[in-house]
Amino acid sequence: TYNVSNIDITPPEVLAVVSNNTASTNQCIILTANFSDDTVVKQYRINNGDWGLYSNGGVEVCENCTVEFRGIDAVGNISDIKTYNVTNIDKFGPVIQISAEPDEWTNKTIVVSAVAGDINGVRPLRYSLDSGKTWNNYNDGIVMTKNGWVHFRAIDNAGNMTTKGLL
């Protein structure tokens with residue numbers, strides 16, 4: 001009898017994929033994959049593109065996308081694909097809406113109000129009456145007794161900033 005013991009049908013594994021930043025950000029992130037010890041070829045692809053060689057430094061990603069990882073062992077067995085969906089990169093500033101009451105010509109005071117919004121949340125809104133030299137915390141409408149600019153600044157939780165003014 002002869003004992004056949006050199007058949008390997010067990011694929012390697014992609015053990016884990018982690019990001020260096022899972023919070024909202026406007027910066028690139030690094031995805032790092034851990035492979036089983038029997039992996040001799042490590043690969044990744046972005047958005048179903050071509051497979052590329054993975055290096056131990058990780059994969060830099062600068063926009064939201066899907067990144068897949070797989071490993072191949074010495075005899076050609078291919079691991080299951082491990083997928084990481086990048087959803088925390090935000091490169092767009094918040095939206096600021098400004099209104100004035102009354103919005104027609106008047107010889108009385110005008111109250112200027114603003115709201116800001118962003119899918120990732122917004123830090124407290126700020127305003128300036130001196131073209132951005134100084135910024136104050138905005139809580140409620142600003143009473144204008146004479147003509148002039150009111151600038152509002154909003155920063156979202158990813159760090160993107162929008163400034164908008166009303167004369």
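**Close-up views of a predicted model**

View 1. In strand E6, the bridge partner of Arg 45 is Glu 68. On the other hand, Glu 68 also stands opposite Thr 83, a residue of E7. Strand E6 covers residues 65-73 and is mostly covered, with 8 of its 9 residues buried (buried means under 20% relative accessible area, exposed over 50%, and partly exposed in between, with a 1.4 Å probe and protein chains only). Strands here are DSSP runs of at least two residues (E), helices are runs of at least four (H or I), and both are numbered from the N terminus. E6 pairs with strand E3 (residues 39-46) in the antiparallel sense over 7 bridges, and with strand E7 (residues 82-86), again antiparallel, over 5 bridges. Two strands count as paired if DSSP finds at least two bridges between them.

A quick note on what you're looking at: this is a predicted model, where local features need pLDDT of at least 70, side-chain atom pairs count only at pLDDT 80 or more, and totals for chains, interfaces and linings use all residues. Residues are numbered from 1 along each chain as its sequence is written, and side-chain values use heavy atoms, with hydrogens and water left out.

**View 2. An open sheet has four strands.** The order is E11-E10-E13-E14, and the pairing is antiparallel. E11 and strand E14 (161-166) stand at the edges with a single partner strand each, so one side of each has no neighbour in the sheet. Look at E14 and strand E13 (residues 150-155): they pair in the antiparallel sense over 6 bridges. Here Val 150 stands opposite Leu 166 in E14.

**View 3. Negative charges gather on the surface.** The patch brings together Asp 8, Glu 13, Asp 37, Asp 38 and Asp 80. Patch residues have over 30% relative accessible area and no salt bridge, with like charges joined within 9 Å and nonpolar side chains (Val, Leu, Ile, Met, Phe, Trp, Tyr) within 5 Å. A salt bridge, in turn, is a side-chain nitrogen of Lys or Arg within 4 Å of a carboxyl oxygen of Asp or Glu. Glu 13 is found in the segment before strand E1 (14-19), and is partly exposed at a relative accessible area of 48%.

**View 4. A nonpolar patch includes Val 4.** Tyr 2, Val 4, Ile 7 and Ile 9 make this surface patch of about 540 Å². Areas like this come from the Shrake-Rupley method with a 1.4 Å probe. Val 4 is in the segment before E1 and counts as exposed, at 51% relative accessibility.

**View 5. A cis peptide bond joins Glu 101 and Pro 102.** Omega is about -5 degrees for this bond. Pro 102 is in the loop between strand E8 (95-101) and strand E9 (110-117). Asp 103 lies in the loop between E8 and E9 too, and counts as exposed at 67% relative accessibility.

View 6. Asn 48 isn't a glycine, yet its phi is near 60 degrees. Asn 48 lies in the loop between E3 and strand E4 (52-53) and is exposed, at 58% relative accessibility. Ser 131, also not a glycine, has a positive phi of about 60 degrees. Its loop runs between strand E10 (126-128) and strand E11 (136-137), and Ser 131 is exposed at 59%.

How values were computed
Lys and Arg count as positive and Asp and Glu as negative; His and the chain ends are not counted. The place of a charge is taken as NZ of Lys, CZ of Arg, CG of Asp or CD of Glu.
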